[in-house]
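Please keep the structure in view while reading.

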Amino acid sequence: MGGYGDVQLLRDDGKRLDGRALDELRPVTVEAGVLPAADGSARVTHGLNVAVVAVYGPMEAHPRKIQRQDRAVIDVRYNMAPFSTSDRIRPGFNRRSREISKVTADALESVVLVERFPRSKIRVEIEILAAEAGTRCVGITAAAVALADAGIPMRDLIVGVASGKIEDTVVLDLDKAEDNYGQADLPVGILPNTGEIAFLQMDGDLSPEEFDLAMEYNFKAAGEIHQIMVEALQRRYEGGEA
Amino acid sequence: MSQGQDGAEQRLVTPGMAVGPSTGKRAGSGVIAQNDAFIATRLGWLQELNNTVSVNPINATYMPRSGDLVVGVVAEVRNNLWFLNINGAFQGLLPMSLAPWKVEFGAARMHMDVGDVVLARVQEVDECHNVVLTMKGVGLRKLNQGAVLNVPVQHVERLRGPNNERLQQLRDMSDCRIMVGENGRVWVDGDNNAIAWSRNAIQRVASEGHKTNFDALMAELNTMNKGDA
């Protein structure tokens, strides 16, 4: 963040380089139930990001030492495919994926009714197939749809969305150039029905006013993405009845 | 599940969705009360029966209850007990005192080893979800032949049909012995052709069980020749 003050990210007409307005999302698509082997799964595309998530469980937690007597543990593995960016990523866990796995697990734990399944484990595998800034948010959105698809009880869905600051202007949903050359990034996980925040990180600096505006953008976008998530889940079971 | 067919209009709800005020009503499974409103916690069909609001889940995990008949697979053997995979979040424990044989301490493996399949009943489930199984009872035994098929747990009731009618129909049509475990495992035994036919039929329950026209789809089975399986 910062240090690239001379890169132009806003056009003269006030729009962004890809033609979006300041508070406009990249196109989002959600599809539920894409992997037949998993208990629940989802694919989310968000701009050029593509994330596929598989959920397994609740299952017996192994090794036994990770079991919690009063609740389930959520085991998240976030991974970027080697081909997901223009530079090849060395396969396997690294510092960044470990961090994202942890914050995602913490965010999901606050919505999943983990106390219903003591001593068990819910496995969430997030695979980023293509990356263009904001993959942790896409991963959280996809994980929420996959968990719902797996029939795991949750208080609410959770939507991952980010705002940021470029050229001293607050904008919604940073793309790759804006993320690399912008001044701040504010990814959050929002519970769309209650408006609670399950996850928030900030990279760079925002003034209180800028922060408020960024959160306003995030909440508005979360509502839009939530609608797409609900439609995807309902579409999967069209023609069905209990 | 079957109540859905004769009930009023069905509504598909997703987790977190508000499903109406909670005053004067009770929250059933898949629903929690929050600030005088009911919130759905699972993806499924909303249902209101006897003043209780609940969600019929589209996907579910098997939650053992005492008295359930289950088909289990031996996952671990200890000196005096077996751990059985019962297709749920928790393994079931079968102590040697509840096995149908006289088992010497240390000789559990002589009777059943990892991978063996048994028909058992859930004896008790405590508040920590420890599941104790029993094989003492009529018909409970180790299954030495036949095939084990899977259906989603939430479709078990549909596979049975009202008063087990559909299950009986399947048994008659297939010439197979069929036992349906509450945990979504179905044991089928008969000659090879009959098992192949049953597998086809039961797979259809697994894939089409949530559909409105399920009964019509099952009726088609009558026309399905065993030679086609």
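**Overview of chain A**

In this predicted model, residues 24 or more positions apart account for 71% of the contacts in chain A with a separation of 6 or more. Chain A contains 4 helices and 10 strands, and 48% of its 242 residues count as buried.

**Order of elements**

- Read from the N terminus, the elements of chain A follow the order β-β-β-β-α-β-α-β-β-α-β-β-β-α.

**Overall dimensions**

- The C-alpha trace of chain A spans about 55 × 40 × 35 Å along its principal axes.
- A compact globule with 242 residues would have a radius of gyration near 18 Å, and the 18 Å of chain A therefore agrees with that expectation.

**Packing of two helices**

- Two packed helices are described by the angle between their axes and the distance between the axes.
- In chain A, helix α2 (residues 135-149) packs against helix α4 (residues 208-236) at an angle of about 30°, and their axes are 11 Å apart.
- Because angles under 35 degrees count as roughly parallel, α2(A) is described as roughly parallel to α4(A).
- The crossing of α2(A) and α4(A) is right-handed.

**Residues at the helix contact**

- On the side of α2(A), the contact is formed by Thr141(A), Ala144(A), Val145(A), Ala148(A) and Asp149(A).
- These residues meet Ile225(A), Met229(A), Ala232(A) and Leu233(A) in α4(A).

Terms used:
Residues are numbered from 1 along each chain as its sequence is written. Chains are lettered from A and ligands numbered from 1 in the order in which they are written. This is a predicted model: local features need pLDDT of at least 70, side-chain atom pairs count only at pLDDT 80 or more; totals for chains, interfaces and linings use all residues. Helices (H or I, at least four residues) and strands (E, at least two) are DSSP runs, numbered from the N terminus. The radius of gyration is taken over C-alpha atoms; the globule rule is 2.2 Å times the number of residues to the power 0.38. A residue is buried if 20 or more other C-beta atoms lie within 10 Å of its own, exposed if 12 or fewer, and partly exposed in between; C-beta atoms are placed from the backbone. Two residues are in contact if their C-beta atoms, placed from the backbone, lie within 7 Å. Axes are lines fitted to C-alpha atoms, for helices over the stretch in contact, and angles run from 0 to 180 degrees between N-to-C directions. Angles under 35 degrees count as roughly parallel, over 145 as roughly antiparallel, 65 to 115 as roughly perpendicular and the rest as oblique. A crossing is left-handed if the near helix is turned anticlockwise from the far one by less than a right angle, and right-handed if clockwise.
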